[in-house]
Amino acid sequence: MDNSICQVYEDEIQSLEEEIKFLAEKYEDSQQESTFFSDEEILMSIKSFQREFQGESKGHEFSSDLKAQLESLETDLSFLMKFTGIQFTSHSKKTVEKTRNRTVRKHRLSGNCCSLSFQLEFQLLEVQNKENVSAVITDLSIIMESGEDSDVSKFVSSTEEHGNLLTFFRSLSSYAEWYEHRRCTFLHFK
Amino acid sequence: RGKMEEGKAYSPDGVFAHLEMLEARAHEAAVKQEETKQQEEKLARLKARVQELRLQRDELRAKVDLQQKGQLGKGGVVSDPAQPSARAVLEWKIKSVKAMLQVFYLTGISGKLTKRGVCFCISTAYEGTYLDSYYLDLLAKPEVQIHRHSVPVFIPLEQIAKKYLQTDIRRFLSVLSDHLNAYAGRRYQADQLQERFSDQIEGTLQRNSLCNLLVFNYNVSSKSKSFPFNVRLLYGDLCCSLPTEVIVSCTPDAPASLAETAAAHSDLFRRVALHEAFRSFGSAEEN
């Protein structure tokens with residue numbers, strides 16, 4: 001008899017812990033998405049953060065840890081942009097729906113690849129399965145600077161229709177490769 | 001002598017046995033009492049934990065509700081009434097950069113610098129659905145080489161590496177990505193067919209690991225019990241998810257009138273994704 005009461009409590013504890021985790025994530029996501037800090041504000045924060053922990057040897061770990069983490073992430077990002085030729089200039093996302101297993105986020109992304117600039121909007125649906133998380137793109141909308149070019153607009157509307165975000169970027173990257181190759185060849189002959 | 005006649009209980013052995021029994025009983029009772037005490041303590045602890053968590057959960061719910069209301073009201077950027085600390089700003093920036101790195105995953109090539117080189121991640125997708133991703137751990141010195149990877153054995157990785165890895169890493173990844181995406185696309189089509197149109201296919205689809213050879217018998221409607229068509233799909237171009245060779249034939253017992261349909265299908269399968277082709281059969285049937 002006692003064991004079944006214990007089980008009831010334990011089940012409730014587990015369910016509460018899951019709910020708390022879910023709510024905390026929801027709150028943090030919302031905070032993150034509705035805030036924005038400029039590059040100057042970030043630089044100032046890094047400086048003031050270092051000053052705060054200048055004297056303390058204990059806090060120094062945290063300070064260098066956060067700063068080092070940011071630097072490492074930014075290095076990775078700038079490497080990828082250089083390597084693929086795809087430069088993102090801005091990115092924002094908004095959580096439109098969040099349940100235990102499903103998250104739908106609306107993304108806005110702009111950037112350029114060599115001389116081609118683009119602006120994208122899409123919805124990303126992520127579903128938690130037993131083993132992994134599946135991701136599906138819907139409502140893809142692409143605006144390209146040279147959109148009047150009939151080849152480009154055909155490519156764009158076909159990509160939008162099928163939600164082919166990956167193909168879009170691979171094509172852009174190929175274009176960048178070819179562009180770079182052409183530029184090098186041209187320089188060679190100068 | 002007289003004592004022994006009154007019964008064994010009063011013999012020295014009897015007394016000790018009796019004492020042992022009493023001790024055992026007392027011990028059992030003590031153990032039971034301890035168990036009950038522990039059980040009660042456990043219940044009390046669990047109850048207290050439930051109360052604690054309920055309180056925490058209610059506070060969070062209120063916090064989230066307030067947050068949602070605040071955003072609906074202002075419709076703009078919501079800022080914390082208190083000045084955000086330098087740490088909070090940095091943490092925001094870190095999350096922001098991480099989010100952008102995650103976007104790179106959607107572009108098909110992402111990665112992370114390592115001490116000795118780069119670890120690339122090639123993602124695959126069929127239209128808007130992202131499928132498996134594969135990683136490649138590259139070392140930069142003494143020359144570019146593949147340290148570890150998760151590319152399946154039937155993808156000609158060594159061939160592609162031999163051709164491009166030393167001279168043009170971008171091209172190497174590009175070609176590898178084409179192979180992996182085409183494979184993922186072929187597999188996706190076969191899986192979709194098996195999953196959504198299983199009653200129109202006889203048994204299971206026969207396929208190889210590279211998913212570039214498929215053979216099966218099928219029907220256009222799900223109501224019939226016979227499968228008059230046989231198809232053999234060969235995907236000769238490993239960077240393509242459409243077949244290069246399609247042979248549709250009718251099974252020996254099929255009516256001759258179906259020969260024309262078989263020819264039409266042969267053409268269809270060359271142009272349209274497998275599961276899309278079957279979807280068109282369904283809507284044709286309805287008409």
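Predicted model: local features only at pLDDT ≥ 70, side-chain atom pairs only at ≥ 80, totals over all residues.
**Where chain B meets chain A**

The top contributor is α3(B), which gives 19 residues to the side touching chain A. Sorted by class, that side of chain B holds 29 nonpolar, 17 polar and 16 charged residues.

On to the charges. We count 7 salt bridges between chain B and chain A. One of them pairs Lys42(B) with Glu10(A), and their closest N and O atoms are 3.9 Å apart.

Now, how many residues are in contact? On chain B there are 62, and they meet 69 residues of chain A. The size of an interface is often given as the accessible area lost when the parts come together. Here, about 6500 Å² is buried between the two chains, with carbon and sulfur atoms giving 69% of that area. Within chain B, the residues that lose the most area to chain A are Leu90(B), Trp92(B) and Arg170(B), together 12% of what that side buries.

Last, a word on annotation. An unreviewed UniProt entry marks residues 19-70 of chain B as a "coiled-coil region". In the model, that span is 100% helix and 0% strand, and its end C-alpha atoms lie 76 Å apart.

Thanks, everyone, and I'm happy to chat about any of this!

How values were computed:
Residues numbered from 1 in each chain as written. Chains lettered and ligands numbered in written order. Heavy atoms only, no water. UniProt positions renumbered as here; feature names shortened; annotations may be inferred. Helix = DSSP H or I, 4+ residues; strand = E, 2+ residues; numbered from the N terminus. Contact = heavy atoms within 4.5 Å. Buried area = accessible area lost by both parts, 1.4 Å probe. Salt bridge = Lys/Arg side-chain N within 4 Å of Asp/Glu carboxyl O. Nonpolar A, V, L, I, M, F, W, Y, C, P; charged D, E, K, R; others polar.
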